[in-house]
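This report goes through one protein model, from the whole chain down to single residues. The sequence and structure come first.

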Amino acid sequence: MRVGVDYYPEHWPEDRWPTDARLMREAGLSVVRMAEFAWCRMEPQEGRYDFDWLERAIGILHGEGIEVVLGTPTATPPAWLHERYPELYPADPRGYRKGFGTRLQRCLGNEIMRSYSRRITEAMVARFADNPAVIGWQTDNEFEANLCYCDDCARRFREWLRRKYGTLDALNAAWGTVFWSQEYSGWSQIPLPWEARCGQSHNPSLWLDYRRFASETTVAFQHDQVEIIRRLAPGHFITHNFMGLHDSMDYVALAEDLDFVSWDNYPGGAWHADRDPAMAHDAMRGIKEKNIWVMEEQSGIPGWERMGVRPAPGQIRMWAWQAIAHGADAVLFFRWRSCLYGTEQYWHGILNHDGIPRRRYHEIAGFASEVAKLSPELDGSIVKSRVAILNSYEQNWALQIQPQIDGLGWWEQVRRFANALGRRALGGDIVPITTNLASFQAVFVPSWYILTDDDAQRLADYVKNGGTLVLNPRTGVKHADNTCRTEPLPGPLAEVAGIEVDDYSPIYPTVPLSSAAEGNEGSEGCLIRMADGREFCAKVWADYLTLKGAEAVATWEQGHFPGEPVVTRNRFGKGSCCYLGTIGEAEFYEAVVAMIVDELGLPTLEGIPLGVDVRVRRKGEERFVFFVNQTGEDQWVPLPPIVETLLGPSGTKEAALGPYDVAIYKLAPRA
Ligand code: GLA
Ligand code: ZN
């Protein structure tokens, strides 16, 4: 288990470096990531490399026992490169080129950009492959889909389409371009999609292919670098710092080339309201179903031109332990010291501008010493849940392209399941459908809107062999081309679910959204009634179901067709499928989760307070349960049978966690 920091020696006078390295070592920081924005210092002029300063900085860190992860600097190409090749700037939909003076000002599909990326990577890796302090590499920084509209991207998109479809006839048929007379008779006629171009939405099939293309462009750009690093530094690991719930690109494809996923966690400080660290950790770990690193962990006030809030005392430690609870094997804080210049002057590091160790330094040092103490126990442990929530970037894009109604957003759907599982301490693994589903006893599936025959088969097999599948509305609507399927919904899963969707309607809120807490929350919606008489508020979507072998678990109490089934359960093979024909309130998902986990007899905890995050790390037969109090109040938590308190308050049946406190217990072996 490692604790570390992101460090920019190039921002500080060299005579400060030894002090920084000593303070890091004294705080228990043992790994540093650096150089990912330092292209202009590593190649000040074309072809003239200068790595001496970096080698000196690495040497000083190494002298304090600190290891180094190097970042390739391609998120910030230098001014000389852009001056020579202005065509490297990415273009927006109006054709305006991004200019110099920020970062990410490069089109990743551009061949010249790719060749300079290969060159700097090769020079850097050649220089540091045998450096004793260097252990691994980060490619670029926070990759996104290359949603660029330059002429070169338009040309390459058309080539990509030609490779995919072979002929224009095939493309026209796949996209249904006869609609609005859009049939293409030449490849050059195909536009890049842009919502506002004609005051009308572009063809959804064109859109989805462009999103795939833009994502693949980034994956290919990274692949160039990975190939070089593997060749020149075969002993080093390769990772990338992902962005949690960011969804412009296919993170599963990006991760295929990597040894493990890292990500950047900025959970608080009124910076981004929708941050959800628990869910994001699970989604990041789920990409490869493998432990992760947090390459950037919040260490103070976030801020660029404006500032967020200072994390409360104990909150930085809490977030860092939460990362470990969710499978992080390293937590690096961003950044060492708040920068004196540039855009991120107010993105606060462990040290303030004054460079003097203060409260945050001591909080992080305390965390690092706790980690050091518990490492012998926790090293080698992993997170593996008995239940999973499926994640898919393709579904996510398709729902971005056609949201249909607010409330069907991909992460919103994942979150509803995740929250309900969390209340029973079940912490679902958030995984791609290509994972080994048989390793989970229950699988929860947000709208699998684009349902290929392969995916349908995979899910059907899972149920047939004994799995419990939970489906959401808007499943099985589309083909991979983003055109509508003709089978009754949920399409090829109708038999597994034992139902047909006879009719449906979006549900709009009946109270103004402004008074709503979240999306359609606060809507009177429509009531549904469970077989046991409990009623729940339904919202966003209403499916009216015809039973084809399934039994009704809940029926509509209100809405267009009262009395008709809305939630169903079907035995199929050795397993079962539960179909949810609506989006419910939180208690609805808790009831569904309770029904399923109790029936499966999964070991869970009841009475987890809202805001307390529970995860288990396991190592062979050993299990460690983490309780993370994300709230600023005391919380009582129910304890399973434990044999040892590793951190935090001890207790027998329950324990009291202070504000932002964390507890870790070793669990009694299962009888
Ligand atoms: C991201 C980037 C960092 C830095 C921080 C804070 O996570 O990777 O370089 O910009 O945000 O803004
Ligand atoms: Zn481009």
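## Overall architecture

The protein chain contains 17 helices and 26 strands. The model is a predicted one. Its C-alpha trace spans about 75 × 75 × 45 Å along the principal axes. The radius of gyration of the protein chain is 26 Å, which agrees with the value near 26 Å that a compact globule of 671 residues would have.

Of the 671 residues in the protein chain, 59% are buried. Among contacts with a separation of 6 or more, 71% are between residues 24 or more positions apart. The protein chain exposes about 25,800 Å², and carbon and sulfur atoms supply 50% of this area.

## The nine-stranded sheet

Nine strands make up an open sheet with parallel pairing. Their order across the sheet is β5-β4-β3-β2-β1-β9-β8-β7-β6. The edges are taken by β5 (237-239) and β6 (241-242); each has a single partner strand, so one side of each is left without a neighbour in the sheet.

One residue pair can be named here: W137 has I238 in β5 as its bridge partner.

Strand β7 (residues 262-265) includes N265. With a relative accessible area of 2%, N265 is buried, because that value is under the 20% limit. Leaving aside residues up to four places away in sequence, N265 touches P277, H281, V294, E296, E297 and Q298.

## The zinc site

Which residues hold the zinc ion (ligand 2) as protein donors? They are C107, C148, C150 and C153, each through its SG atom, at 2.2 to 2.4 Å from the ion. The four donor atoms subtend angles of 94 to 119° around the zinc ion, which makes the arrangement tetrahedral. For comparison, the ideal angle for four tetrahedral donors is 109.5 degrees.

The spacing of the donor residues in sequence is C-x40-C-x1-C-x2-C. The pair C107 and C150 links distant parts of the chain, 43 residues apart. C107 is in the loop between α4 (79-84) and α5 (111-128), while C150 is in the loop between β4 and α6 (151-165). Both C107 and C150 are buried.

## Cis peptide bonds

F334 and R335 are joined by a cis peptide bond with omega of about -5°. R335 lies in the loop between β9 (328-334) and α12 (359-378).

A cis peptide bond also joins L489 and P490, where omega is about 0°. P490 is placed in the loop between β13 (468-471) and α16 (494-497).

A35 is a residue other than glycine with a positive phi, near 80°. The loop between β2 (31-34) and α2 (39-42) holds A35. Is A35 buried or exposed? Its relative accessible area is 1%, so A35 is buried.

Q404, which is not a glycine, has a positive phi of about 65°. Q404 sits in the loop between α13 (393-401) and α14 (410-423). Its relative accessibility is 28%, so Q404 counts as partly exposed, a class that covers values between 20% and 50%.

## Surroundings of I642

I642 belongs to strand β24 (residues 642-647). The relative accessibility of I642 is 22%, so this residue counts as partly exposed. Apart from residues up to four places away in sequence, I642 touches G651, Y665, K666, L667 and A668.

How far apart are I642 and S215, in sequence and in space? They are separated by 427 residues in sequence and by 46 Å in space, taken from C-alpha to C-alpha.

Notes:
Residues numbered from 1 in each chain as written. Chains lettered and ligands numbered in written order. Predicted model: local features only at pLDDT ≥ 70, side-chain atom pairs only at ≥ 80, totals over all residues. Heavy atoms only, no water. Pairing = 2+ DSSP bridges. Helix = DSSP H or I, 4+ residues; strand = E, 2+ residues; numbered from the N terminus. Donors = N, O, S within 2.8 Å, 3.2 Å for Na, K, Ca; no water. Tetrahedral: all angles 85-135°; square planar, octahedral: opposite > 155°, others 65-115°. Buried < 20%, exposed > 50% of the residue type's maximum accessible area, 1.4 Å probe, protein only. Rg over C-alpha atoms; globule rule 2.2 N^0.38 Å. Contact = heavy atoms within 4.5 Å. Areas by Shrake-Rupley, 256 points an atom, 1.4 Å probe, with all protein chains shown as cover.
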